[in-house]
Amino acid sequence: MADITFHSMADSAYLWTAMHVADEKGVSYDFVPLVYRSPEHLRLHPFGKMPVLQHGAHFLYETAAIAHYIDKAFDGPPLQPSDALGQAHVVRWISIVNAYIFPVMNRFMKEKLVRPAWGFEPDQAFIESAREPLALQVRLIDETVTETPYLAGKSLTIADSFLLPHLLFFSKVPEGAALLAKAPGATKWLVRMRERPSYLRSPLRGLFDAMPSRGSQVA
Ligand SMILES: N[C@@H](CCC(=O)N[C@@H](CS)C(=O)NCC(=O)O)C(=O)O
């Protein structure tokens, strides 16, 4: 029996973050699919989001809380620094991913790759409005991981697990590849993340390898 269970739909970036944290910590997990907004889903997560963590009789939602819990409740390498400033940087980067990167970088990738694959027109107004914030986001990531190998210092933390799915899939979009070509620090961070055993175990690897890159013919 696995240590913990994730309840979620399979194609959730926040689920992949939580799984990546568990893989880094060496915590085994089962996956139970949720039917979106079913009574069971809303019982586990009143806001209708995902993932939800189950550890024995305890259920927990909100990925920052889940990541923190996995790090603190189990033996394994610490995934958060012990000093106040290091902890603040972890919280700051999780906030940046939740507040700015998820709504822009993740949506941009969906507009460019997922919607066309489903036969929908991408939202051009959103795509245009995202260009400037995306350039800022990649520049800030690049500056940070040029200074230190990971977002909050010398060692990987849960903050890196938050960023990984977004920058990884953004690199498949031509605009993402172009921004990363001018951001050697961020590019090396992605390589570093992909070389870790956690990535090799995580579903991210298979998803990334299976996802086609789209050329500029995709509007
Ligand atoms: N604040 C939540 C956000 C989670 C979230 O937005 N998950 C997405 C999947 S990656 C979701 O549930 N989407 C469904 C929806 O927004 O209705 C957390 O940190 O766990």
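Tutor: It is a predicted model. Start with helix H4 (residues 84–117) and helix H6 (residues 158–170): their axes come within 9 Å and cross at roughly 15°.

Student: What does that crossing make H4 relative to H6, parallel or perpendicular?
Tutor: Roughly parallel. Angles under 35 degrees count that way, so H4 and H6 qualify.

Student: Is the crossing of H4 and H6 left-handed or right-handed?
Tutor: Left-handed.

Student: Which residues in H4 meet H6?
Tutor: From H4, Val90, Trp93, Ile94, Val97, Ile101, Phe102, Met105, Asn106, Phe108 and Met109. They meet Ile158, Ala159, Phe162, Leu163, His166, Phe169 and Phe170 in H6.

Student: And by class, what does the contact of H4 with H6 have?
Tutor: It has 15 nonpolar and two polar residues, and no charged ones.

Student: OK, ligand next. Which residues are around the ligand?
Tutor: Ser12, Ala13, Tyr14, Gly48, Lys49, Met50, Glu62, Thr63 and Ala64. H1 and H3 are the elements that give two or more residues to that shell. Tyr14 is one of the shell residues, and Tyr14 also takes part in the contact of H1 with H3.

Student: How do the residues of the shell around the ligand divide?
Tutor: Into four nonpolar, three polar and two charged.

Student: Zooming out, what does the domain assignment give?
Tutor: Domain 1 (4–73) and domain 2 (84–210). The C-alpha centres of domain 1 and domain 2 lie 21 Å apart.

Student: How many residues of domain 1 are in contact with domain 2?
Tutor: Twelve, against 14 residues of domain 2. On the domain 1 side, helix H1 (13–25) and helix H3 (63–73) each supply at least two residues.

Student: Which one gives the most to that side?
Tutor: H1, with eight residues. The residues on that side of domain 1 divide into six nonpolar, three polar and three charged.

Technical notes: Residues are numbered from 1 along each chain as its sequence is written. This is a predicted model: local features need pLDDT of at least 70, side-chain atom pairs count only at pLDDT 80 or more; totals for chains, interfaces and linings use all residues. Domain bounds come from an automatic or database domain assignment. Two residues are in contact if their C-beta atoms, placed from the backbone, lie within 7 Å. Helices (H or I, at least four residues) and strands (E, at least two) are DSSP runs, numbered from the N terminus. Ala, Val, Leu, Ile, Met, Phe, Trp, Tyr, Cys and Pro count as nonpolar, Asp, Glu, Lys and Arg as charged, and the others, Gly among them, as polar. A residue is near a molecule or strand if its C-beta atom, placed from the backbone, lies within 6 Å of it. Axes are lines fitted to C-alpha atoms, for helices over the stretch in contact, and angles run from 0 to 180 degrees between N-to-C directions. Angles under 35 degrees count as roughly parallel, over 145 as roughly antiparallel, 65 to 115 as roughly perpendicular and the rest as oblique. A crossing is left-handed if the near helix is turned anticlockwise from the far one by less than a right angle, and right-handed if clockwise.
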